[in-house]
Structures are given as C-alpha cells and as structure tokens.
Amino acid sequence: MKRIAFILIAIALAVALCACTVTPAAPTSEPDPTVGMPNPITEYGSLEEINDIVGMKLAHPPVMGVTDERFSIIDAGETKIAEYVFKVAGVEYDFRGSPSFDGDISGYYTADGLAFSGQPTDEIEFVEDGEARLARWATIDGQYVLAAKNANDAFADVAEELKGLTSPWMTEAELAAYYESLAGDYQDEYSQRAHMSGEALGSDGVRFTVHWAGSAFENYEWVMTCRLYEDGLLSYDDCVRTYNKTDSEGKTTSEVESTDGSGFFTPTEDGKLLWDGAEDDYCRECIFFKP
C-alpha cells in the first residue's frame with residue numbers, strides 16, 4: 001500500500017503541468033488496487049487558506065488581468081504542497097510552495113528526470129525545457145517553484161517579482177535604509193577601550209571596523225561585512241583580524257592574524273549592538289553605542 005500511495009502522489013505532482021508523456025499500462029484483468037484511495041489534492045477557496053495550512057507566503061502576481069485562479073493543497077505524505085494556479089495574458093502559471101527543502105516539488109519531468117536537483121537556495125534557479133519554463137528559490141519558510149508552458153520572456157520578470165513577494169521580511173530598499181541607519185561611529189561601553197565605525201553598502205550590508213587598543217603602542221583591528229538575516233542577527237563570515245604594533249621610532253607594522261572569521265552582532269531595541277557572536281572571548285562583552 002505504501003508503494004501505491006507513493007505512485008499516486010507522484011502522479012498528482014506531475015499532472016498539474018501535463019509535462020510528462022504517460023505510457024498507458026498494459027491491459028489487465030486484475031482489479032485496480034488504487035480504487036478507493038483518497039485523492040491527494042484538496043481544493044480551497046483562497047490563497048490565504050492554503051498559505052495558512054503550509055505556513056508559506058504564496059502571493060498574487062502584482063499585475064492586472066489575473067484570471068482563472070485555483071487554490072489547492074497536495075498531500076505528499078510527510079509534507080504538504082500549496083498550489084496556486086492562475087492565468088496572466090493567456091499563460092497559465094503553476095506556483096507551488098512547501099516547507100520542505102528536500103526534493104523537487106515542481107512535478108515536472110525532463111528527459112533527464114525531475115527539473116531540479118539538490119536543495120534550493122535563496123538565489124533563483126531557472127530551467128527551460130522546450131515550451132516549459134520553471135524557476136525555484138528558497139526562503140526561511142521553505143521552497144517555492146513557479147512553472148508555465150508557452151511563456152514568453154516575461155516569465156523571468158514574473159518569477160523575480162514573486163520571489164520578492166515571498167520574502168518573509170525586508171525589501172531591498174528597506175534593507176538599504178536599515179544599513180544606512182547603522183553607519184557612523186560607536187564606542188564600547190563595556191571595555192571603554194574599543195571603538196567601531198560602520199559604513200553602509202547599500203542593500204548589501206554594512207562594513208564594521210573595530211579597533212581595540214591594547215596599549216599606546218599596539219592595537220587590534222577587525223573588519224567585517226555584516227548582513228541582517230531572518231533571525232534578527234547581523235552576521236558575517238569574512239572577518240579579517242589584524243595586529244598593529246608601533247615601535248619607539250613611530251614605525252607601525254601590521255600582521256594579519258586571521259581571515260574569513262565568522263560571527264554576529266545582536267541589535268538591541270535601544271539601538272545598541274552587542275558583539276556576543278565574536279570569535280574572540282574578550283570581545284563578546286562589547287556593547288557598542290553611538291555617543
């Protein structure tokens with residue numbers, strides 16, 4: 001029975017796009033074992049309903065003339081797939097979302113197998129197969145797939161717009177404004193020996209440079225590019241730590257002690273930045289604020 005259920009689910013995933021060439025089974029006098037099995041597809045009345053069921057953020061395309069909308073849930077056993085079908089300018093789109101990051105939820109088969117392999121990422125991935133076009137991406141909520149047949153070059157634009165609408169948090173403009181608010185000079189209220197400067201990099205992040213004076217003749221410097229993620233942390237993975245020493249004649253030498261360091265800052269509600277994700281123990285108590 002498990003094998004039969006699996007076959008039914010695979011068929012349900014593929015039928016929506018009519019992308020496979022189905023070979024009729026040979027005639028048999030045996031009774032059909034699939035008779036009486038529950039339908040894995042359940043229709044619903046709205047986008048909000050199917051999003052609530054699977055915890056995804058499928059969105060209406062931001063264009064006029066959206067018609068023939070249908071909303072359903074595909075029960076794929078351990079996971080459920082929300083499916084939103086609609087037409088724009090005569091082209092039918094199949095938009096799917098699932099909280100599972102494993103496998104390909106498109107239901108579309110090419111000559112080499114399923115359209116997508118491996119796990120999706122936050123970068124959009126496109127596949128073209130004859131008249132069919134598909135796009136896949138992931139957010140913190142799960143994976144999304146958009147597919148259409150006989151679509152023109154506008155398909156990529158539609159996919160990019162829907163990807164932006166499924167983002168669970170901030171737009172590019174909102175990110176740029178947030179990073180700009182972090183630019184400027186900071187002091188450390190804990191050690192009172194460290195200070196930090198922030199440089200906004202548009203929507204790509206903010207570059208923090210931390211200086212810690214060990215004495216009048218030596219100091220450490222950390223430089224890292226931080227980006228805000230869905231967990232609310234300003235994380236980085238490119239930190240460069242440099243040791244600077246000045247001799248009695250005023251000559252300064254620098255030694256890069258480490259590169260590609262990772263960690264994070266925790267923003268507080270009162271505008272401070274806690275460096276509790278620092279790799280160096282003595283930095284984890286730093287509390288940076290703008291004087």
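**Loops, cores and charge pairs**

Asn 150 lies in the loop between strand 9 and helix 3.

Asn 150 lies in the loop between strand 9 and helix 3. The structure is a predicted model, in which local features need pLDDT of at least 70 and side-chain atom pairs count only at pLDDT 80 or more, while totals for chains, interfaces and linings use all residues. Residues are numbered from 1 along each chain as its sequence is written, and side-chain values use heavy atoms, leaving out hydrogens and water.

Asp 68 sits in strand 2 and, at 45% relative accessibility, is partly exposed.

Now let us go inside. A nonpolar core is a set of buried Ala, Val, Leu, Ile, Met, Phe, Trp, Tyr and Cys residues joined through side-chain atoms within 4.5 Å. The largest one here holds 25 residues, and Ile 50, Leu 58, Tyr 84, Tyr 93, Phe 95, Trp 137 and Leu 146 have the most contacts inside it. Which elements supply at least two residues each to this core? They are helix 2 (47-54), strand 2 (66-75), strand 3 (80-88), strand 4 (91-98), strand 8 (132-139), strand 9 (142-149) and helix 3 (154-166). Apart from this core lies another, of 24 residues, including Leu 175, Met 196, Val 206 and Trp 222. In soluble globular proteins, nonpolar side chains tend to be buried together.

Tyr 108 is in the loop between strand 4 and strand 5 (109-110), and its relative accessible area of 5% makes Tyr 108 buried. Between Tyr 108 and Ala 132 there are 9.2 Å in space, C-alpha to C-alpha, and the two are 24 residues apart in sequence. Cys 239 belongs to strand 14 (residues 234-246) and is buried at 7% relative accessibility. Thr 225 is 14 residues from Cys 239 in sequence and 7.3 Å from Cys 239 in space, C-alpha to C-alpha.

Next come the charges. Side chains of opposite charge can pair when their charged atoms come close. A salt bridge is a side-chain nitrogen of Lys or Arg within 4 Å of a carboxyl oxygen of Asp or Glu, and by this rule the count comes to twelve. In one of them, Arg 70 meets Glu 92, at 3.8 Å from N to O. Arg 70 lies in strand 2 and Glu 92 in strand 4, so this pair ties together parts that are 22 residues apart in sequence. Both partners are partly exposed, Arg 70 at 40% and Glu 92 at 32%.

Asp 153 forms a salt bridge with Arg 133, with 3.3 Å between the closest N and O atoms. Because Asp 153 is in the loop between strand 9 and helix 3 and Arg 133 is in strand 8, the pair ties together parts that are 20 residues apart in sequence.

Asp 280 pairs with Arg 241, and here the closest N and O atoms are 2.4 Å apart. This pair links distant parts of the chain, 39 residues apart: Asp 280 is in the loop between strand 16 (273-274) and strand 17 (287-289), and Arg 241 is in strand 14. Asp 280 is buried, with a relative accessible area of 15%, and Arg 241 is buried too, at 18%. Salt bridges that share partners also join Glu 83, Asp 94 and Arg 96 into one network.

Asp 122, Glu 123, Glu 230 and Asp 231 form a negative surface patch. Patches are made of residues with over 30% relative accessible area and no salt bridge, with like charges joined within 9 Å and nonpolar side chains (Val, Leu, Ile, Met, Phe, Trp, Tyr) within 5 Å. Glu 123 is in the loop between strand 6 (113-114) and strand 7 (125-129) and is exposed, with a relative accessible area of 57%.

How values were computed: Areas by Shrake-Rupley, 256 points an atom, 1.4 Å probe, with all protein chains shown as cover. Lys, Arg positive; Asp, Glu negative; His and termini not counted. Charge placed at Lys NZ, Arg CZ, Asp CG, Glu CD. Helix = DSSP H or I, 4+ residues; strand = E, 2+ residues; numbered from the N terminus. Buried < 20%, exposed > 50% of the residue type's maximum accessible area, 1.4 Å probe, protein only.
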